[in-house]
Amino acid sequence: MFVLFEGIDGSGKTTLSNRVAEALAAGGLRVVHTRQGGRFASTVTQAIRELGRDARNMMMTPHAELMLYAARDLQLLQEATLPALARADVVIADRFLYSAEVLARWGRGLPPEDVEPVLRAATRGVTPDLVFLVDVDPHVARARRRVAKIVAPDPRPSSRKGLAGVGMQQRLREGYRALAARAPDRWAVVDNTDADLDALVGAVAEAVRAARRDGPAAGVAAMAAATARARETTAAVTPLHDAAEALARFVAWIDRRAAREPALAAYFLAGLWGDPLDARREALAERAPEVTANGLRGLDDETSWRLRRRLHERVPGLVARSLVEAAAARAEAQALLQALAERCPLDVAAALDGRDDEPAWALRERLWDSANAAAGAPLRARLAASLGYLSGERAWELRARWLAEAAAAAALDTYEGARAACASVAGLDDGRAWDLRKQARDVAPVPALDSVAGLTGERAWKWRRRALDRAAKVVMRTIDGVDDPRAWELRTEVALHCKEALDSIVGLDGPPAWALREACADVWPSTVVKSLGPLVAAPRGRTLLARQLGRHAGNLSLLKHAAAAALRHGAVE
């Protein structure tokens, strides 16, 4: 029997499918999982996957991507899945050609007539007997991915798929749901937004057993019954009226989630402070120290400082990286960075990004001198990266020292070196900056694009326009806070499928900003509220917040932004 798990990134399908495989094997079945432990059974498939996800291939076209992903799944089918079907009772796969179809059609917008012949040729007549669509709120899925990267940092370049922005996951979810509706006798929908993992494993394993006994439709029916029982215990979502009610509902969600996924609860508390959240942050610090420390970035309240003192021995690097923005101004921040410099020098260097004060320069010199020629290369590159937005000669002298070393070691030919070079000239518009940016672009295209943040010269607009189709999220990052007709043109072009357009207008109060909020109010309900910033406390902002809470009270991200409005800006009637 061929059993497939599908779903958006972060849905939990890999964890769930591996746990189900173990449960079925423990029950006496011969089970093969073609992605056991998260790694494909075929090294060729794994290599193709890495090629496809790598953001250095930013300009890959949608049609080329379709062919590549079809090749990935065809290789796994022929090398691992078909041989396993000949010897096992149950063969479990994590993704199949449905993923390629959803990405091509719903993610990239390719027409069915371009997609279907490719996939039909690749399937070789093989159809999964039973498909579990692991469905999840995209906000939760994204948070789970972020948590995983905080706990176990990934040194690889970012995911190419993610360059399109959060809206990609929304579109992919719609695509998977459409496929499930197309074949309801084979597709079972598994709600993993707020589920207990152990109970879910048991329900899915039982659905597989039912399908083996009585056919796929019986498995789908068993899963539907289990889902219905779980939903009986879930309270109906009622409309909210103001930020105070949203804060109360958000706190209740945090308390429920903390019992099963403390790291996820800690992630949603990131950037927030004040009653009643401080007690919860402190309670989660012991169970999720990495995520709690990561959430302290820039915070300058007393509870955040108490948490830093408590966590800096346990997670020194994350505490060091939190000492930015408002938090960096305290004398205690300088003392803590000095104390952590030997334990986590790369993280201390990261905390110096964009700083032009004497304590920052003293730390740069100390770290530079402590780095030897070989082992110190990553540290000196990170120090160079900290010079973004600094246009003075002191910064250019340090860049020149690093560039001389980097050129001698051919470091700019590596992704890490090129990324550091781009970061070092972020926000700079002179000839030297553009020479370095262009030199690094082929090796590190996303960091090169990121480095034009805030620039309003013609070259920057040309770069943005060229990349808009492939990396809308990154383009929107580069116009954060920019109030320019060309910026509004780009935002308007992508806003309905790229929520980061709203992220780029936080606090902007002109007619274009309000027009964009109105156009996207029901597309990106939470980000529209986030985009208000301090405006949420003004009459027009309060009105918009109340309307969003009345329409979208079940949106978790909206609850967080409304809670932030209540705590930071007093947006409570």
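**Entry 1. Leucine 532**

Does leucine 532 count as buried or exposed, and at what relative accessibility? I looked up this residue and found that leucine 532 counts as buried because its relative accessibility is 0%. I use buried for under 20% relative accessible area, exposed for over 50% and partly exposed for values in between, with a 1.4 Å probe and protein chains only.

The model is predicted, so I note its limits: local features need pLDDT of at least 70, side-chain atom pairs count only at pLDDT 80 or more, and totals for chains, interfaces and linings use all residues. Residues are numbered from 1 along each chain as its sequence is written, and side-chain values use heavy atoms, with hydrogens and water left out.

I located leucine 532 in the loop between α29 (525-530) and α30 (539-551). Helices (H or I, at least four residues) and strands (E, at least two) are DSSP runs, numbered from the N terminus. Which residues does leucine 532 touch, leaving aside those up to four places away in sequence? I recorded Gly507, Trp514, Arg517, Gly541 and Leu544; contact means heavy atoms within 4.5 Å. I also checked leucine 318, which lies 214 residues from leucine 532 along the chain; their C-alpha atoms are separated by 29 Å.

**Entry 2. The chain as a whole**

I counted 31 helices and five strands in the chain. The radius of gyration of the chain is 25 Å, close to the 25 Å that the globule rule gives for 573 residues, so the chain is as compact as a globular protein of that length. The radius is taken over C-alpha atoms, and the rule is 2.2 Å times the number of residues to the power 0.38.

Along the principal axes, the C-alpha atoms fill a box of roughly 75 × 60 × 50 Å. Of the 573 residues, 54% count as buried. I noted that 71% of the contacts between residues at least 6 apart in sequence join residues at least 24 apart. The chain exposes about 23,900 Å², of which carbon and sulfur atoms supply 54%; the areas come from the Shrake-Rupley method with a 1.4 Å probe, and for residues only the protein chains shown count as cover.

**Entry 3. Nonpolar cores**

Which members of the largest nonpolar core touch the most other members? Of its 168 residues, they are Phe250, Phe268, Trp402 and Met476. Such a core is a set of buried Ala, Val, Leu, Ile, Met, Phe, Trp, Tyr and Cys residues joined through side-chain atoms within 4.5 Å.

A second, separate core holds 27 residues, among them Ile92, Phe132, Val134 and Leu200.

**Entry 4. Helix α5**

I compared the length of helix α5 (residues 112-123) with expectation: at 1.5 Å a residue its twelve residues should span 16 Å, and its end C-alpha atoms are 16 Å apart, which agrees. The expected span is 1.5 Å times one less than the number of residues.

Val115, Val118, Leu119, Ala122 and Thr123 are buried in α5. Seen down the axis of α5, these buried residues fall within an arc of 130°, so they line one face of the helix; the arc is that of the directions from the helix axis to the C-beta atoms. An α-helix has 3.6 residues a turn, so residues three or four places apart point the same way. The buried residues of α5 pack against α3 (62-85) and α4 (97-107), while Glu113, Arg120 and Ala121 are exposed on the other side.

**Entry 5. Helix α18**

What do the buried residues of α18 pack against? I found α16 (331-340), α17 (345-350), α19 (377-385) and α20 (393-408). The buried residues are Ala360, Trp361, Leu363, Arg364, Leu367 and Trp368. Seen down the axis of α18, they fall within an arc of 160°, so they line one face of the helix. On the other side, Glu358, Asp369 and Ser370 are exposed.

**Entry 6. Backbone exceptions**

Most residues other than glycine have a negative phi, and most peptide bonds are trans. I noted a cis peptide bond from aspartate 275 to proline 276, with omega near 0°; proline 276 is in the loop between α11 (262-268) and α12 (277-285).

Arginine 95 has a positive phi, near 85°, and is found in the loop between β3 (90-94) and α4. Arginine 95 counts as buried, at 8% relative accessibility. Glutamate 325 has a positive phi of about 55°, and is exposed, with a relative accessible area of 57%.
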